[in-house]
Amino acid sequence: MRVVARAGAPAGAPGLQQRAFDVASIRRDFPILERHVYGQPLVYLDNAATAQKPRAVIDAISNFYLVSNANIHRGVHRLSEEATGAYEGARAAVRRFLNAREAREIVFVRGATEAINLVAQAYARPLLRPDDEIVVSILEHHSNFVPWKMAAEATGARLRVVPMTDAGELRLDEYERLLSDRTRLVAIGHVSNALGTVNPVAEIVRLAHARGVPVLVDGAQAAPHMRVDVQALDCDFYAFSGHKTFGPTGIGVLYGKAELMDPMPPWQGGGDMISSVTLDEVRYAALPAKFEAGTPDIAGAVGLAAAIEYLEGIDRDAASAHEAALARYAEKRLSEIAGVTVLGRAAQKAGIVSFVMSAAHPHDIGTVLDREGVAIRTGHHCCQPLMHRLGVPATARASFAFYNTFEEADRLAAAVARVKEMFG
Amino acid sequence: MSDLRELYQEVILDHHRRPRHFGPLPGANHHAEGLNPLCGDHLTVHVDVEDGVIKDVSFEGAGCAISRASASLMTDAVKGKRVEEAEEMLEEFRQMITSGADGPVEAGLGKLGVLCGVREYPSRVKCASLAWHTLHAALESETETVTVTTE
């Protein structure tokens, strides 16, 4: 356990009621946080785009290549056995991380995007008929919108979009109204990448299941920052990316209930996804191999398992509380600067702060902050329908992880004050 | 901060705050829409070409200080020029913002030279070039509005 009880709040912090989090010790686990950019200590606030990696992850990947590298499955030699053990061990770690019933319900993919595309291709497309409906929300990232749009266009089905309030909360009354006997699937984000809204996923699933409709949850922004229990949520599919979860790029996860994934056809053909092949007939492998054609990202899975083990070693509830406290503090500091508007005021919000300034476009904000050593993301955050709804072309977004500090939130605010100074 | 001042020179901030030739252009006979899919910036350029001369030009849309100032400076620079001259300026401008830090700044570019600081910021080059790509598309088009992207 890395969390320690500490008296008093750090300088500049609001009165923290929850246990303080031992950030200094956590930061030592992330070598990149020692970097300087433009002569200033790096303030990394682009965690919703990708998170930094603890040394344990970097070492696990490097160690795999230094010691155990081989292709998995069917190898009879020692190294292949080790690699297979590490890869399947990673699947077991993910099962534990999501509290899935069985390891075969965990499919390794490239990332949340690929996971959603897999479901769109192998679950939705064969099922959809003209005038069928898929329900998504206005908060969705393009990766949980475009695959459904493509499936709808190919089949004559339609997308129905759950609206939100001005605070950035989904309208559950409207959602309930959109569910009908034509609804074939609900696809909803767990946490909004652009506004930080935490959606009431368990309630969304309950309402859909009451009408026999399965639910896919895009967990890209949730898995890194809160405990996820797919059995408690009772969702049918859950997708997340390794690289946002303090693991490497190139690996991600699709969880799917076995009873839904078993009857699904494969979506890519190749090695490792068959049980037998003759010139006349191909028999497919069982779950999860059926959805893992070709050599997977073995080292990526090993790195993801190391990230999961790292997260299991910290107090995750305290980590989430620390992230949310940082974001609320940053919102307060930013709101004190004239001309700054924080977007998204949901009651349940993760460690994400989206804002705009009357005097400067988000890109200009991003460039000035960069020279101050503060890394944020600017643009539409792959949420153009949401940007239209908000009536802005883009926003500036600071996204926090548990290794960030209140001092860094202060540096963000100071850098934004410089923008104000330059642009008036 | 000093190098930031090189990017955001007073002239750029001034054109950002008070863009010239901003708005619709009644009577324009060439139009194009420019998109930067990277950031969602979006602008429209209207041109009134008569006898091979850019009689008038305007732009509309939303974007950052760099894209707005670049569009504003461009309209100032090409108004009254022959189409071929504008195309030459486009080429010189493109070379200026994509050359290395010590690349030449053509004297012929005049005021447009203030945008040379962009070349130190690879992620911002497309902001500066969007207006020019859009102008080029407008000049090549007939009456239909065409769409270009920076990707």
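Predicted model: local features only at pLDDT ≥ 70, side-chain atom pairs only at ≥ 80, totals over all residues.
Reader: In which sense do strand 5 and strand 7 of chain A pair, and over how many bridges?

Author: The sense of a pair is given together with its bridges. Strand 5 (residues 133–137) and strand 7 (residues 183–189) of chain A pair in the parallel sense, over three bridges. One residue pair to inspect is E133(A), whose bridge partner in strand 7 of chain A is T183(A).

Reader: How is confidence in chain A to be read, and over which residues is the pLDDT below 50?

Author: One reads the mean for the chain beside its local values. Chain A has a mean pLDDT of 94, and 95% of its residues reach 70 or more. Residues 1–18 of chain A have a pLDDT below 50, and this stretch has 28 contacts in the model beyond near neighbours in sequence.

Reader: Which elements of chain B have the lowest and the highest mean pLDDT?

Author: Here the chain average is set beside the averages of its elements. For chain B the average pLDDT is 89, and 95% of the residues score at least 70. Among the elements of chain B, the lowest mean pLDDT, 75, belongs to strand 4 (residues 146–149), and the highest, 96, to helix 3 (residues 65–78). For the model as a whole, the scores are ipTM 0.88 and pTM 0.92.

Reader: What radius of gyration does chain A have, and what would a compact globule have?

Author: The value for the chain is compared with the value for a globule. A compact globule of 424 residues would have a radius of gyration near 22 Å, and chain A agrees because its own value is 22 Å. The C-alpha trace of chain A spans about 70 × 55 × 35 Å along its principal axes. Chain A contains 14 helices and 17 strands, and 50% of its 424 residues count as buried. Of the contacts in chain A between residues at least 6 apart in sequence, 70% join residues at least 24 apart.

Reader: Is strand 14 of chain A covered or exposed?

Author: For a strand, one asks about burial and about the direction in which each residue points. Strand 14 (residues 352–357) of chain A is mostly covered, with six of its six residues buried. I352(A), S354(A) and V356(A) point one way, whereas V353(A), F355(A) and M357(A) point the other way, and all are buried.

Reader: Which strands are joined to strand 14 of chain A, and by how many bridges?

Author: Strand 13 and strand 14 of chain A pair in the antiparallel sense over four bridges; T341(A) has V356(A) as its bridge partner in strand 14. Strand 17 (residues 395–399) of chain A is also joined to strand 14 by four bridges and runs antiparallel to strand 14. In strand 17 of chain A, A398(A) is the bridge partner of V353(A).

Reader: Why is V340(A) buried?

Author: Burial is read from a count of neighbours, and the cut-off is 20 or more other C-beta atoms within 10 Å. V340(A) is buried because 23 other C-beta atoms lie within 10 Å. This residue, V340(A), belongs to strand 13 (residues 340–343) of chain A. Leaving aside residues up to four places away in sequence, V340(A) touches L334(A), S335(A), F355(A), M357(A) and V416(A).

Reader: Where is H322(A) found, and which residues does H322(A) touch?

Author: H322(A) lies in helix 11 (residues 316–335) of chain A. H322(A) counts as buried because it has 28 C-beta neighbours inside 10 Å. Residues up to four places away in sequence not being counted, H322(A) touches F21(A) and F402(A). Separation in sequence and in space should be read together: H322(A) and D22(A) are 300 residues apart in sequence and 9.9 Å apart in space, C-alpha to C-alpha.

Reader: How many residues of chain A are in contact with chain B?

Author: An interface is read by its residues, then by the elements that supply them. In this model, 15 residues of chain A are in contact with 16 residues of chain B. On the side of chain A that touches chain B, the elements giving two or more residues are helix 12 (362–371), helix 13 (384–390) and helix 14 (406–423) of chain A. Helix 12 of chain A gives the most, with five residues. By class, the residues on this side of chain A are seven nonpolar, six polar and two charged.

Note on methods
Residues numbered from 1 in each chain as written. Chains lettered and ligands numbered in written order. pLDDT = per-residue confidence, 0-100. Contact = placed C-beta atoms within 7 Å. Rg over C-alpha atoms; globule rule 2.2 N^0.38 Å. Buried ≥ 20, exposed ≤ 12 C-beta atoms within 10 Å, placed from the backbone. Pairing = 2+ DSSP bridges. Nonpolar A, V, L, I, M, F, W, Y, C, P; charged D, E, K, R; others polar.
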